[in-house]
Amino acid sequence: MIVEDDEDIRSLIRMLFKKEPRFTVVGQVESAEEGLELANSVEVGLIVLDHGLTGDLTGLVAAPLLKLVVPEVKIILFTADPGLRSQAAAEVAIDGFLVKTEFSQLVPTALRVCNLQPLAV
Amino acid sequence: MTSVSSQVLESEQIDATNYTKALLNILDDFNIDRELQDSNNNAILNIFDDITDEKIQLEETQRAILNVLDDFDAERKIAEKSNADLVVVNESMRNFIGIASHDLRSPLASIMGFASVLAEKWTSYSEEDREFSVAAIFRQSQKLSSLVDDLFTLSSIESGGLSASPEPISLGLAIENCLDFGNLDRKSISVSCSEELLVLVDPNHLGRILDNYIQNAFKYGAPPVHVKAVLVNNFVQIRVMDSGAGVPPEFISKLFSKFARAQTSKTKSTKGAGLGLSIVRGLAEVNGGSTSYEQNFPNGSCFVVSLPALKRSIS
């Protein structure tokens, strides 16, 4: 599931995961509130979560709430702000942290937090 | 007998003379004492005079010291105020850099992301994905460019480096041009502006002011939107009124400040750095005008800009 308020970034994340057959994008929303609602209705194993979102909740605040809805879900905080790294590290609900300039690391990070091995090329 | 009597008389005369002399001596002594006394008195008076002079000098010195202390106090207060002003400026600058860098980072991250993905695996993506990516890079570059332009304009306004090149402009035509380029639903906007109304402003600045007010009316307010221009003394007052929820009362005083974004459902669902209205105010002022906000009745916002009218439209 993608929780991201920028349409272009959502498309880019989708494009990246299209290359990895073990992932399917089950939904994409612009706010954490919508994310919480969607997490209740679809089976989700990984959430790529932005921090600054449409709506009242930030990614950091929403992460533990999403884990309450789906305890086994893995969450990557994917943000433009590198200053959030230490706060993300201190939040147990967040499994991975990535700055948005590191797009090429998104799928490898997703594989790592989901305990999956990269496919042999 | 006579001789004895005469002798006695003579003796008495001598005594009297001696007595008189003694008296005169005493009087002389007394006079000398008095002169001494007078002299002493004068000396004492002189001492008193000296003491009075010294007292006056001392008082003057005390007053001078008090004045110096007052001056020190005034200087200290000025220095304290300057320090407080610097703290505010420093804080404002820190916020400015923080917010500006945050707003710049987001489109920059998108551009880098698409570009890096295409550069790494160009051939592995479909034609459609590649076209979308290039278009996204272009969109985000425009966003970035527009934000940099806004920051530059704001910086020029704040440093006093922005100048206006006023020209006579037909306000009605300027509003029409703004609506044509604004990609707006014309059915939900009405304009009331006399064809005679002419303003004397920089055309680029006028376009920016109108565009910001009208776009904001749709973005943060709600249709129908009404634009009304009237002549008031030597100024043309332009009002852009919408039918939305209006600005929260506690936010009105901050409306025209930079990076000001009220916390409403509309602002949360739209992106923006909060620079638009501060730029509008700066542009209006550099053209000799002013901006303000009024509540629209029965609901919504009414943003006002007053711009210098051309004399022909006044007469």
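This is a predicted model: local features need pLDDT of at least 70, side-chain atom pairs count only at pLDDT 80 or more; totals for chains, interfaces and linings use all residues.
Figure 1. A:Asp6 is joined to B:Lys143 by a salt bridge, in which the closest N and O atoms are 3.5 Å apart. Because A:Asp6 belongs to the loop between β1 and α1 of chain A and B:Lys143 to helix α2 of chain B, the pair joins two chains. B:Lys143 has a relative accessibility of 40% and so counts as partly exposed.

**Figure 2. Contacts between chain B and chain A.** The view takes in 22 residues of chain B, which are in contact with 20 residues of chain A. The size of an interface is often expressed as the accessible area that is lost when the parts come together. Here the area buried between chain B and chain A is about 1800 Å², and carbon and sulfur atoms give 57% of it. Four salt bridges are found across this interface, and seven residue pairs are in polar contact, both residues being at pLDDT 80 or more. Two elements of chain B, α1 (2-121) and α2 (127-159), each give two or more residues to the side that touches chain A. The most comes from α1(B), with 10 residues. Sorted by class, this side of chain B has seven nonpolar, eight polar and seven charged residues.

**Figure 3. The salt bridge between A:Lys18 and B:Asp129.** The side chains of A:Lys18 and B:Asp129 meet in a salt bridge, with an N to O distance of 2.9 Å. B:Asp129 is one of the buried residues of α2(B).

**Figure 4. Helix α2 of chain B.** The 33 residues of α2(B) should span 48 Å at 1.5 Å a residue, and the end C-alpha atoms are 48 Å apart, so the two values agree. Buried residues of this helix include B:Arg130, B:Ser133, B:Ala136 and B:Gln140. Further along the helix, the buried residues include B:Leu144, B:Leu147, B:Leu151 and B:Leu154. An α-helix has 3.6 residues a turn, so residues three or four places apart point the same way. Just after α2(B), B:Gly160 adopts a positive phi of about 75°.

Figure 5. B:Lys81 and B:Asp85 meet through their side chains in a salt bridge of 3.1 Å, N to O. Both residues lie in helix α1 of chain B, four residues apart, which is about one turn of the helix. B:Lys81 is exposed because its relative accessible area is 52%, the limit for that class being over 50%. B:Asp85, with a relative accessible area of 36%, is partly exposed. B:Asp73, B:Arg76, B:Lys77 and B:Glu80 are joined into one network by salt bridges that share partners.

**Figure 6. A salt bridge between distant parts of chain A.** The side chains of A:Glu4 and A:Lys100 form a salt bridge of 2.9 Å, N to O. The partners are 96 residues apart and link distant parts of the chain. A:Glu4 lies in the loop between β1 (2-3) and α1 (7-18), and A:Lys100 in the loop between β5 (96-99) and α5 (106-113) of chain A. Both residues are buried. Over all chains, a search of the whole structure finds 17 salt bridges.

Figure 7. Chain A contains five helices and five strands, arranged along the sequence in the pattern β-α-β-α-β-α-β-α-β-α. Of its 121 residues, 54% count as buried. Among contacts in chain A between residues at least 6 apart in sequence, 60% join residues at least 24 apart. Chain B has seven helices and seven strands, which run from the N terminus as α-α-β-α-β-β-α-β-β-α-α-β-β-α. Of the 315 residues of chain B, 32% count as buried. For contacts in chain B between residues at least 6 apart in sequence, the share that joins residues at least 24 apart is 68%.

Key. Residues are numbered from 1 along each chain as its sequence is written. Chains are lettered from A and ligands numbered from 1 in the order in which they are written. Side-chain values use heavy atoms; hydrogens and water are left out. Contact means heavy atoms within 4.5 Å. Buried area is the accessible area (1.4 Å probe) that two parts lose on being put together, summed over both. A polar contact is a pair of N or O atoms within 3.5 Å; within protein, one must be able to donate a hydrogen and the other to accept it, and residues adjacent in sequence count only if both atoms are side-chain atoms. Ala, Val, Leu, Ile, Met, Phe, Trp, Tyr, Cys and Pro count as nonpolar, Asp, Glu, Lys and Arg as charged, and the others, Gly among them, as polar. The expected span of a helix is 1.5 Å times one less than its number of residues. Buried means under 20% relative accessible area, exposed over 50%, partly exposed in between (1.4 Å probe, protein chains only).
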